[in-house]
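Subject: the structure I promised you

Hi,

Here is the structure I said I would send over. Have a look at it first, and my notes follow below.

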Amino acid sequence: MSEYVLELKGITKIFPGVKALNNVQFQLKPGEVHALMGENGAGKSTFIKVITGVHKAEEGEMFLNGQKVDFKGPKDAQAAGIAAVYQHPTSYPHLTVAENIFMGHEIIKNRMIQWKAMNTEANKLLAQLDADFDATAEMGTLSVAQQQMVEIAKAMSTNAKIIILDEPTAALTRSESEKLYTLVDKLKEEGVSIIFISHRFEDMYRLASRVTVFRDSQYIGTYDVNGITNADLIKAMVGREITDLFPKPEVKLGEEMLRVEKLSRVGYFKDVSFGVRAGEILGLTGLVGAGRTEVVEAVCGITRPDSGKVYLEGKEAHIKQPSDAMEKGIILLPEDRQKEGLIMSWGLGRNVTLPTISKYAKNGLNDEKTERDLAKKLLEEVDTKAVDIFQPASSLSGGNQQKVVVAKALSQEMKVVIMDEPTKGVDVGAKAEIYAIMGDLAKKGYAIILISSEMPEILGMADRIVVMCNGRKTGELGREEATQERILELAMEKSSGKGASK
Amino acid sequence: MEKKSLIKRLTGSREALLAVVLLVLFVLVTIVNPAFLTPKSLMDMLKNNAVTMVMALGMLCVMLVGGIDISIMSTLALSGMSIGMLLKNDVIASTPLAFLIAVAIGIVCGLAVGLVISRADVPPIIATMGFMYVFRAMGYLVSNGGQWAGAAALGNFKNFATTKFLGINCVIWVVILCYAFFFWFMKWTRTGRMIYAVGSNPSAAQVSGINVKNIKLLVYVIMGLLSGLGGALQVSVYASAMPDMQYGGEMDVIAACVIGGVSMSGGRGSVLGALLGSLILATIAKALPLIPFFDQLWLNTIKGVIILVVVVMNVVLQRVADKNALRGREM
Amino acid sequence: MAGKSGRSINNVPESSIKRMIFSWEGILVLIFIAVNIFCAVFSEFYNVSSLLRQMPVYLAEVFLMLPMAYILVLGEIDISVGSIVCLSATMSCIVCNMNAPFIVVVFTGLAVGTVCGAINGFILTKFTELPPMIVTLATQIIFRGIAEIILGSGGSITMSNLDGFNAIGGKVGKVPYILFLVLILAVIFALVLGKSTFGRRVYAIGTNRLTAYYSGVHVQKIRMIIYTVMGTVSGLCAIFLLSSSFGANTTTGNGFEMDAIAMAVFGGISSTGGKGNIAGGVLAAFIIVCLRVGLGQQNVHAQVILLIIGVLLIAAVALPNIIGQVRRAVKTK
């Protein structure tokens, strides 16, 4: 027997145009919980997909219990006892819990599916997990936390020896997270080895014995959790002193541009108020699912709030749809660039001018010359790395795509620019450039709202920080008083016990 | 408390709701015209709608994977016309053989449709529209330029629809057997569940090792097979074969599925739903002439309004359910 | 905030001539020429004047292709148009037989069509969750159903006053009015889709509805307009149909939606949205019209022509996909 249940050496994975993994290594001891950490885009997800056979690495070797293995597809990995629980459950919403658990390895007798046996088995697994739902429930009716439990039950049903958990606590409440912790402990006792990906230091300290850090598609190191400080770990993940990443300019703040008062939307957020001044960068943070995106979507008319008011330069603004918001000078640069921000198959130029085409049209017909000139000017202004304005948006890297999204906002006179996770999936170099653009915009007198889950980014760029938790604003911190700990405290306030009241 | 849970179960299950609607329809029509609820009248209704009912099963499979097939009535015409001409020209005489040939032609048609959709990635609506023209025209060519095969030419074959076995018409037996098989197939076999899985989440199905392309091919072959069977049934029930039979009938089949709760975007739908959907349509068609004022002319309008009301109701109910779910979320 | 790297991004488009020759429209031009040569060889009666004389019967359907192209570019479908044609034609006949002036008859046809289209649009924009296929399936049955109720047990109506319809069936020299109207409308529809801000937004919706919405495009307003125009044009189609059929029955307009979709898709307009242009659709429509005239002259049955159209349609969509797959397979090897 080898010392490791799973060992990967020299793994390199290349996607068209990017090296997603560059010569990385990893070792997993039997029965350990091993945390895998790194910033967004560090290559963690790709790495997991290589282990589970979804992606095939161009270079490198993988050993299972000392034996070299070569997975052709996800089925091979499954058969070898590797199971993954993804952040967004990959389930069948229309089928029952039991079917989801046993998909691909149903209990079959005489070519008939044994529903009774499957439901009993599934209920047994669910009972082990302390689940509060039945195996015959329809998957689509469960909450994300419950669906995640089903995914874990699925991993257990295949008798997996290695279970990979990809940010399992991201969408969970404190008590649900606690439940997950005990679950992981239980699995560990049964001799299962676990790879645990998380952004939360709390998760890591509570569960893991060792931690491996990736940065910019590269392996940085493996450390004992007890032997490394928070600061050293952050340094390993970010790779440089945080300060030189954030060129926050000193800007004299102007008038209040946008004011949101007691905005509520049933089921998403309640009584949220904040304001932002010209030249100011307002950080809006909280855990995933805290309702940050939902609030700004309501401000920009993408959804309609149930109550509350929005004031622009002191006057109440009635915004019913995104075009109203843009006419008044508020633009949202959405988080999901591929689905909401850009038309990936279109050229860069047309993407940039989409919000404003009618402004330089003559008698309703497009003035393509003006359009091309403007697109060129704006794309150069944000320093997009592109050859021409006709190449499709899909041909750019994440960071450059984000710059195109920013250029979209610049194609018209704007007062308030809302950026939702602008550096998600962007490499470190491009991040710094995006921060620089953000700083420039602030200097020019734009009011900026920055939504981000990345603590260093919020601390580095924001003048003021609004923290949300479970649909409510839980606090507002000035630049000086804000610390990582203080923000986390506010972001997790719901667990202090007052949440359960109805 | 019990009453509440009953209501909840009824509104929770689409099939139960449809069954209630069907029951209410039966009662209403019987009150207006007692002649409706006689065994003979009901048997006639089933016999006359056998084709739609059988083919709704295939459409269920196709719609479960998120597809649609509007070529089915052309396949029906081609297979029905083929056996009609074979019988007319005395090439074959045996009824089972005629059924077999019709089904075989249906399978070949379904295979062609399925290959174009699953392998050449043609959108189902476009592919089946093309084949709708092609198969209908082939049926016409088979008919030697629009000839009919009338009752006299069909020999023993037409007797199939008038023969009874254990007191029930043979055509109805075919319907019963088909539904029995599909109840088993869709619920109890791995292949049946794979169809649901592919419709519910194709990419997850791919990851868990299901051959999505082959499942898509399979559903169109099933659809073709049932269309071929439908062709044989059509010819025997109406004792004639003509190239333009069931023109536009695919909309009835789709309508039956939609009323039965089969979702257009895949993943949702059941055999029971398809059965109830086609029975509701059949009942309305049968009942309309029995009710004064409404005559047969109103049939299509009412059918269309029902489809519209059903799908709009679905959306409204879903919105209410979503809103309630959001209300319940603690903040 | 000038770019720090001072990188210059090209914004001069490459010459469009090369692109035009290798595009689907280029291939369609070749097919159009081939079809005309074939028809001329196949039928000794086939020439420009016979084509112009026999064309009008088939041209009414070409109207439908124009707005249908917009709906397909949106990534949607409308299968109720054949029924709208039927209902519009029926109502026009009834108004005509009440001895109304011709202008009122035309107005009736257009108005009925517009209302039907607006109903489709209203339902689809109020209940955005519903697939257009299902909604227009229901309205297809309803619109024709209403026509059936109006037409009564006879199932058909004949017009008594043909003066107006004879007039619009007229010609300038040898060229029928309807051909002028088809071409004028085609140019307008092509200009709006290809060159206007409205058209650009239609493509944006068809390619990525969410991004379009986030970018301030009035998605529902545009959908409403397009479905309504689809109805108006169906009314127009009905009027010109009457000028050659002089009456309506329950099967008027049967399958027209399929023909219109077939023309558009054969013309390179993808049913999945965001791709294609009116020029391709018009070329495809005229290929089909020429084929119908040419084959019709030798008494080839309409069903055989449909068979050819069906094969063309499947091949037009399947072949590029298959070629792409083969190319990718070769590349990876």
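The buried residues of α13(A) are A:Glu371, A:Arg372, A:Leu374, A:Ala375, A:Lys376, A:Leu378, A:Leu379 and A:Glu380. "Buried" here means that 20 or more other C-beta atoms lie within 10 Å of the residue's own; 12 or fewer makes it exposed, anything in between partly exposed, and the C-beta atoms are placed from the backbone. Helices (H or I, at least four residues) and strands (E, at least two) are DSSP runs, numbered from the N terminus.

Before going on, please note that this is a predicted model: local features need pLDDT of at least 70, side-chain atom pairs count only at pLDDT 80 or more, and totals for chains, interfaces and linings use all residues. Residues are numbered from 1 along each chain as its sequence is written, while chains are lettered from A and ligands numbered from 1 in the order in which they are written.

Back to α13(A): α12 (348–353) and α14 (398–410) of chain A are among what covers its buried residues. The helix has 14 residues and reaches 20 Å from its first C-alpha to its last, close to the expected 20 Å (the expected span is 1.5 Å times one less than the number of residues). Just past its end, A:Asp383 has a positive phi of about 60°.

**Where the chains meet**

α13(A) turns up again where chain A meets chain C. That contact takes 39 residues from chain A and 26 from chain C; two residues are in contact if their C-beta atoms, placed from the backbone, lie within 7 Å. On the chain A side, α10 (322–328), α11 (337–341), α13 (368–381) and α15 (428–443) each supply at least two residues, and α13(A) gives the most, with seven. By class, that side has 20 nonpolar, eight polar and eleven charged residues. For the classes, Ala, Val, Leu, Ile, Met, Phe, Trp, Tyr, Cys and Pro count as nonpolar, Asp, Glu, Lys and Arg as charged, and the others, Gly among them, as polar.

Chain C also touches chain B, with 38 residues of chain C in contact with 36 of chain B. On the chain C side, the elements giving two or more residues are α7 (132–151), α13 (256–266) and α15 (302–332) of chain C. Of these, α15(C) gives the most, with 13 residues. This side of chain C divides into 26 nonpolar, nine polar and three charged residues.

**Sheets in chain A**

Six strands of chain A form an open sheet in the order β18-β19-β20-β15-β21-β22, with mixed pairing (two strands pair if DSSP finds at least two bridges between them). β18 (330–333) and β22 (472–478) are at the edges with a single partner strand each, so one side of each has no neighbour in the sheet. Inside this sheet, β19 (residues 416–420) and β20 (residues 447–451) of chain A pair in the parallel sense over five bridges, and A:Val417 has A:Ile448 as its bridge partner in β20(A).

Of the 376 residues in the largest nonpolar core, A:Ile448 and B:Val54 touch the most other members. Such a core is a set of buried Ala, Val, Leu, Ile, Met, Phe, Trp, Tyr and Cys residues joined through C-beta atoms within 7 Å. Leaving out residues up to four places away in sequence, A:Ile448 touches A:Ile281, A:Leu282, A:Val417, A:Met419, A:Met438, A:Leu441 and A:Ala442.

A second open sheet in chain A has four strands in the order β14-β13-β16-β17, and its pairing is antiparallel. Its edge strands are β14 (269–277) and β17 (315–316), each pairing on one side only. Six bridges join β13 (residues 256–265) to β14(A), and A:Arg259 stands opposite A:Gly275 in β14(A).

There is also a hairpin: β11(A) and β12(A), with two residues between them, and A:Asp216 in the turn has a positive phi of about 50°.

**One helix in chain B**

In chain B, 22 of the 27 residues of α12(B) are buried.

Cheers
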